[in-house]
Amino acid sequence: MEPIPNFATEFAHLLWQLTKDPKAVEEQKATLRRVMLAREPEGVEIELGALNIAIVGARGPNGVPESVPWLSELTTRMAAHAVRAMYFDAQVPALEVLGVARALAAAPQLRDDGQAFDARIVALKLTAITIKIGREGFVRHATPRAGVGVIRATPAAGMRSVGSSGGSSIADRLKTPPTNPKTSRFDQDLRPAAHGDGDEEKTSGGVGDARFEIMSREIARLEPIRDLSALTKLLAEATDGDTATAAGAEALRAAEERIQHGDWIAAATILAALVGQDGERDPEVRRAYLIYVRRLLKPHALRGLAKLLPNRKEMRESLHAIFANSNEDGVDALVELMTAANTPGERRAYRDALAACPHAAPTLGHMLGDPQWFVVRNAAELLGEMGVTEVDGRLVETLSHPDTRVRRAATGALARIGTPRALHALQDMLRDANPDIRLQAALGLGAAGQRAASTDLITALDNEEDKDVQHALVTALGKVGTPEAIERLKKVAKRGSIFRRNPSGLRVAAVNALGEAATPEALEILNQLADDRDAEVRAAVERALRAKSAL
């Protein structure tokens, strides 16, 4: 059995809203837009019997889908009004779709074999919907408007329909006009008040309902703007809440169509125009546009937009702004794609977008407990880049991870965050077995100017054998600048004894660190080294003193 067409599901949702929450006009508008976007090129047929069978088949082992109550309401209403089948032409107008839905939502007349419903249908003057009514199978054909080509009364070959249980379909049966003379009364052009109470007609399904007329006029213009430059100009020119709401509605229609057809570049262009430069917009305009942005940024759309990041470098700034306005769904889409990325460039593109998401912290914090080392590493690096201070405790726990790459990323993240807990943890990491992690910890402590770490840095330098780490520790001591640090730098900067010469490169690093500290004691040491026998040391001293005098 073929799946239930999206058009039928969305039409059933619209009917559900009209019956269960008739005052929710905005929600009804949004659903009607989705109905129109789901139109099929061959038209759509909804047959009562086949729809009932399809609903039963939709109840799978994973539970009842969200659409089942909507579709069940549709079958109940169709049966109550004696409607056996409906055929919607490919170009059916929104006004007619809404009119038929409201006619189904109206209270049925018991045992009238569909006469009251048919009266409402006649009053609507449908041009693109054919309906089969009553036990005898009378067909109310669409009546073309003057000057309009004849609307097909039967679907074209290959028409999408709710799956049939067998036998000839309505597509075949509609071709044959009714032969039973008892049904001829349905051919009369009945007036809305001919059956039932006139007041019920006005409030439930009649075209005289003022609210229905207003809503219909608003919804009738469902054709989205094709010219993106015209649309972006319209969005930019909005000056207040009312004009922004109107422009945002146009953008919503245009973006929904692009998303439906997978035109992600155009959809991103529209969303970028909606997001815009928020700081330059009127608050009312910004709030109005944000509502439409959030309606568009559903999981499917977010995944499609995210896939543009690796290859569309020129759009990354706009895409970052879009994802910054998404919720946890945007974070999930980026994390999923980053985890599955095949190249470092792809991973970097998704990581950069994640760093712009204000809602990323909780998801990334949870990822620190992932069993896959690279997931933990990516999360730690991102949390450090984002400066998320509230996860410093989780990052400290990650320092005990068995994978060196994870510990190095966590160390770098703690160095960037710079909270007291993070800096205290870095002092412990000066004794890590891996030199890259010790180097990262030294640089972090130095960048933070952590004076309390002076003793740990000196002890680490006394025991360090790796040259790169030695240089990092010397640089950190210069940034700390305590008297103990200056005294230790003095020993490193000097030539040393005949039995233990300090390497020239390390002496130059100590000179640079003394120039960074720039305390009176440090400057005095530099002056003492001005005539050093090592040319590299003398040059470094001269640069340090010149930089100090230029300040």
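How many bridges join E2 to E3, and do the two strands run parallel or antiparallel? E2 and E3 are joined by 5 bridges and run antiparallel. Two strands are paired here if DSSP finds at least two bridges between them.

This is a predicted model, in which local features need pLDDT of at least 70 and side-chain atom pairs count only at pLDDT 80 or more, while totals for chains, interfaces and linings use all residues. Residues are numbered from 1 along each chain as its sequence is written, and side-chain values use heavy atoms, with hydrogens and water left out.

## The chain as a whole

The protein chain has 29 helices and 5 strands. These elements are DSSP runs numbered from the N terminus (helices: H or I, at least four residues; strands: E, at least two). Of the 551 residues, 50% count as buried. Buried means under 20% relative accessible area, exposed means over 50%, and partly exposed lies in between (1.4 Å probe, protein chains only). A contact means heavy atoms within 4.5 Å. Among contacts in the chain with a separation of 6 or more, 67% are between residues 24 or more positions apart.

## The strands

Strand E1 covers residues 44–47. Val44 and Ile46 point one way from E1, Glu45 and Glu47 point the other way, and all are buried. In a regular strand the side chains alternate between the two faces of the sheet. Strand E2 (residues 83–88) runs antiparallel to E1, and 4 bridges join the two. Across this pairing, glutamate 47 stands opposite alanine 85 in E2.

Strand E3 (residues 129–133) is mostly covered, with 5 of its 5 residues buried. Ile129, Ile131 and Ile133 point one way from E3, whereas Thr130 and Lys132 point the other way. Isoleucine 129 in E3 stands opposite phenylalanine 88. E3 is also joined to strand E4 (residues 138–140) by 3 bridges, and these strands run antiparallel. Lysine 132 has valine 139 in E4 as its bridge partner. The hairpin of E3 and E4 has 4 residues between the strands, and in this hairpin glycine 134 takes a positive phi near 85°.

## Helix packing

Two packed helices are described by the angle between their axes and the distance between the axes. The axes of H2 and helix H5 (residues 94–105) come within 10 Å and cross at roughly 120°. The axes are lines fitted to C-alpha atoms, for helices over the stretch in contact, and the angles run from 0 to 180 degrees between N-to-C directions. Leu32, Val35 and Met36 of H2 make the contact with Ala94, Val97 and Leu98 of H5. By class, this contact has 6 nonpolar, no polar and no charged residues. Ala, Val, Leu, Ile, Met, Phe, Trp, Tyr, Cys and Pro count as nonpolar, Asp, Glu, Lys and Arg as charged, and the others, Gly among them, as polar.

Helix H18 (residues 360–367) is largely enclosed by the rest of the structure, because 6 of its 8 residues are buried. The buried residues in H18 are Ala360, Ala361, Thr363, Leu364, Gly365 and Met367. They pack against helix H16 (328–340), helix H17 (344–355), helix H19 (373–386) and H20.

## Salt bridges

A salt bridge is a side-chain nitrogen of Lys or Arg within 4 Å of a carboxyl oxygen of Asp or Glu. By this rule there are 24 salt bridges.

| Pair | N to O distance |
|---|---|
| Lysine 20 and glutamate 73 | 3.7 Å |
| Lysine 29 and glutamate 26 | 3.3 Å |
| Aspartate 392 and arginine 421 | 3.3 Å |

Lysine 20 is partly exposed at 48% relative accessible area, whereas glutamate 73 is buried at 11%. Salt bridges that share partners join Lys20, Glu73 and Arg77 into one network.

Lysine 29 and glutamate 26 are both in helix H2 (residues 25–37); they are 3 residues apart and so separated by about one helical turn. Lysine 29 is buried, with 9% relative accessibility, and glutamate 26 is partly exposed, with 47%.

Aspartate 392 forms its salt bridge with arginine 421. This pair links distant parts of the chain, with aspartate 392 in helix H20 (residues 392–398) and arginine 421 in helix H22 (residues 420–429), 29 residues apart. The relative accessible area of aspartate 392 is 10%, which counts as buried, while arginine 421 is partly exposed at 49%.
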